[in-house]
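Try each one yourself before reading the solution.

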Amino acid sequence: MTRSFKLPDLGEGVHEGEILAVLVSVGQKVKEGDIILEVETDKAAVEIPSPYTGTVNEIFVQTGDIVKVGKAIMTFSNGEKAEQPPAEKIVEKPETPVDEAKVVDQTLPTREGGPVPASPATRRLARELGVNLHLVAPSGPAGLVTADDVRAFADDEKSVPKTTESPPAAAEEIKPSDISVPSLPDFTKWGEVERIPFRSIRRATGKQMAVAWSQIPHVNSQDVVDVTKLEAFRQKHKAEIEAGGGKLTVTVFALKAVATALKMYPNFNATLDTANNDIIIKHYYNIGVAVNTDRGLIVPVVRDVDRKSIKELAVELSDLVDRTRNRKTTLEEMQGGTFTITNAGAMGGGFFAPIINHPEVAILGIGQARMQPVVREKGADDYEIVPRLIMPIVLCIDHRVLDGADAIKFLKVLVETLEDPDELLMSMV
Amino acid sequence: MVMGELMQESEVLVIGSGPGGYAAAFRAADLGLDVAIVDTARRPGGVCLYKGCIPSKTFLYLAELIHDADKAESMGITFGKPKIDLNGLRRWKAQVIDKMADGLVNLSNRRGVQLIKGRAEFESSDTVRIYESDVSHIKFRHAILATGSRPINFPGKIFEAGGRIMSSTGALALPDIPERLLILGGGYVGLELGTVYASLGSRVTLVELTDQLLPGVDRDLVLPLRKKLKNVFENIFLNTKVVSLDEHDKGVDVTLEGDVEAPHQTFERVLVAIGRRPATEEVGLGNTKVKLNDNGFVIVDEQLRTTDDKIFAVGDVVGGMMLAHKATREGKIAAEVIAGKPSAFDVRAIPAVVYTDPQIAWCGLTEAQARRENRPIEVQRFPWKFSGRATTMGAPEGLTKIIIDLETQRILGVGITGRDTEGLISEGVLAIEMGALAEDMALCIHPHPTLSETEGETAEIFLGTATHILGKSKTN
């Protein structure tokens, strides 16, 4: 008996994945639960276990393929005889050219890579909307693509958050499709070029950033934090945290400081629901941390930051970053964020204005702390210049929900808590 | 006449007014384009209307009447021996053609499609020269080549009008009822015209090079026809080759090679029906960028665009199944693409019908093709001896079969042999195009008693239980 294995549902909102690795080969015996595939989705790398015990019969995908959920990936046999139709020997004559009675090649449904099951009207609609039927997740029986599937895919392609009801005039969205992008010139006219597929995390990032940048009116607000004391504190406790399996980084302190600020200013822990003209305030503090990986930027989420100690956060964050870089995070760990921190400091960045992680309403960017001359007041009209460790921070806000004044207040909390570890500890109470 | 050469301009120029050409022209006109058709015939219709589908089916209808009247004797009604008036037959055929041709002229006029009688030859990728016409040149924005195909001659012979060695065109002119008729080729043309002549009284011998009538069609579908034709034709020689044809005053001397007892025979007439070749000569394709494939067909993409951006080609001239309805669809698509629509030929089931008695029709994947490609399929058959409706008509020679994808249970192909399969096959076409499962076909109620029930029951057999046949016992 042959059983076909289709790409399973990989999580909410995930329609396709890139095959990172096929870990089995045709003829190989596998046990149920053995890892047979590594698939990378927009959000995470996932290891797929075999649903059957048996022998791999056919493999329809290869590394680098983008595969839709529901598409057959491989077939297994379990040792029982495959149900074969009775073999009828039909001797075919050699082809004679241009015989009117010959059944000449018809366009026929083929199994893999062939025509997608869909009615003629659906196929026409797909052409009109410029949709490649092979990429559409089917909802009909046995993989039939319906007209609704095609329309949904076309809407999805436009990268516009779907609204169930027609939005009131107040919150009119600008669709990226309203702005036509001119077609590209032939670059080979001026020299040699190379084409690299825009895929996977790169493509997902592109889509997410285009949505965020076109939908959110960004305002950025900058400040610096004197982290001299914090650095001393960090150095003092580093070894102790390390012994517990964590890494005491500036980001760990920033997580805590942001949680404090979010609690004081809940409008930063929000989402704008343009469809219903509501601001959704979240009463949980899940903070995403941008992680640079060799595949691109990934943002795993640290949950309930407000309820965790510095030590717990240090352990959790370093584990999360490691797993993200090794593609071991789950989809769930990428979802549910309410605010994002992106710390470029370790790489040496100064001031920069990050793009808000839609549908959040604010993001904090952190630059590298550097020793700088600081003018300080010693007494009345008496100043001194002292070397201090100064860290640039940038807060970008969604001006639809927040104003510049809010940003300054929020930044002030961050500056105060990060300048003085005691303050930070106090705020945690 | 002393006048300048008349140069006309046209947005869409269609060359050839058969079903592909006129469908293209009409669609283009309906989409608001300015269209002209050039053809050597005055009225549209092409081979299909004047020398193919329509005259042959006109005669086949009468052949069926003769056959049915004869059959009625065993059911209690006896008609007299039919009297055949060849002039009356020709007149009736001409009336049928006239009615349809005038209808097409009327449709062209009302759409504003200009009909130009003449022969068009490309001079370049945007102009044609028209011979034997008032208009000498047409400059076009887009052209659609729909010149069709011509019958293939017996090697070394040319078809002469009125000659004893005939093509399908000559045979459909119905010059006389030959005492003995030899047919070369067991394809649908040979079988259909053989049926006509046999019913009119000719003794028909059919010679086929391969080991099967209707090569390419599933053997189980051909079998009922083969059995029936044994009594209709005098001889059917398979695996046999015609070595020579010598025409003289009284007939044609024929030398056969193969499974034949008497290799030298004489026939009053010979019909050569060994296939058709694309009509790509005398069109001036050399002056364009249009390219042909190894078999001589025009190369087109799925939007029917040739290798010359401005020129499209549809119908027999591009190959595939050389059938009128395929040409018609291609013509419409070419017109839509020219009008800027994103159309493409993505058809999954082109139906074919052979109008013999019994008829054979099929669409989609054939069983032979599926086996050849090692595709996991299940084939289910319903023999018509179990059909109530077939029994009432005394027509048990039939078979309905469905080819089903083993994995998805989707219907991939349908083949039917029997009475009126011309009407039955469309259910299969719809099923395949809609991506229907065998279950969908089984769950649709088919009226009783009809021949269409055989399709529903075949699908039921696949599900495990059919009403009028005991099959493999499945419990579903």
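Predicted model: local features only at pLDDT ≥ 70, side-chain atom pairs only at ≥ 80, totals over all residues.

**Exercise 1.** Find out how helix 3 and helix 6 of chain B lie to each other, and which residues meet.

*Solution.* 
- Step 1: pick out helix 3 (residues 53-71) and helix 6 (residues 188-200) of chain B; their axes come within 9 Å and cross at roughly 45 degrees.
- Step 2: classify that angle. Roughly parallel would need an angle under 35 degrees, and roughly perpendicular would need 65 to 115, so helix 3 and helix 6 of chain B are oblique to each other.
- Step 3: check the hand. Helix 3 of chain B passes helix 6 of chain B in a left-handed crossing.
- Step 4: list the contacts. Helix 3 of chain B brings B:Ser56, B:Phe59, B:Leu60, B:Ala63, B:Ile66 and B:His67, while helix 6 of chain B brings B:Glu192, B:Leu193, B:Thr195, B:Val196 and B:Ser199. Sorted by class, this contact has 6 nonpolar, 4 polar and 1 charged residues.

**Exercise 2.** Work out the strand order of the open sheet of 5 strands in chain B, and see what packs on it.

*Solution.* 
- Step 1: trace the sheet. The order is 8-15-9-10-11, with parallel pairing.
- Step 2: look at the edges. Strand 8 (165-166) and strand 11 (235-237) of chain B each have a single partner strand, so one side of each lacks a neighbour in the sheet.
- Step 3: Strand 10 (residues 203-207) of chain B runs parallel to strand 11 of chain B, joined by 3 bridges; B:Val207 has B:Phe237 as its bridge partner.

**Exercise 3.** Follow strand 1 of chain B to its partners, then decide the hand of the crossover to strand 2 of chain B.

*Solution.* 
- Step 1: strand 1 (residues 7-15) pairs in parallel with strand 6 (residues 137-145) of chain B over 8 bridges, and B:Gln8 is partnered by B:Ile138.
- Step 2: 4 bridges also join strand 1 to strand 2 (residues 35-39) of chain B, again parallel; here B:Val12 partners B:Val35.
- Step 3: go along the chain. From strand 1 it passes through helix 1 (residues 19-30) to strand 2 of chain B, a right-handed β-α-β crossover.

**Exercise 4.** Describe the open sheet of 4 strands in chain A.

*Solution.* 
- Step 1: the order is 5-4-2-7, with antiparallel pairing.
- Step 2: strand 5 (45-49) and strand 7 (66-68) of chain A are the edge strands.
- Step 3: inside, strand 2 (residues 16-22) and strand 4 (residues 35-40) of chain A share 4 bridges, with A:Ile19 partnered by A:Val39.

Note on methods:
Residues numbered from 1 in each chain as written. Chains lettered and ligands numbered in written order. Axes fitted to C-alpha atoms, helices over the stretch in contact; angles between N-to-C directions. Helix = DSSP H or I, 4+ residues; strand = E, 2+ residues; numbered from the N terminus. Parallel < 35°, antiparallel > 145°, perpendicular 65-115°, else oblique. Left-handed = near helix turned anticlockwise from the far one by under 90°. Contact = placed C-beta atoms within 7 Å. Nonpolar A, V, L, I, M, F, W, Y, C, P; charged D, E, K, R; others polar. Pairing = 2+ DSSP bridges. Right-handed = clockwise from strand over helix to strand, strands pointing away.
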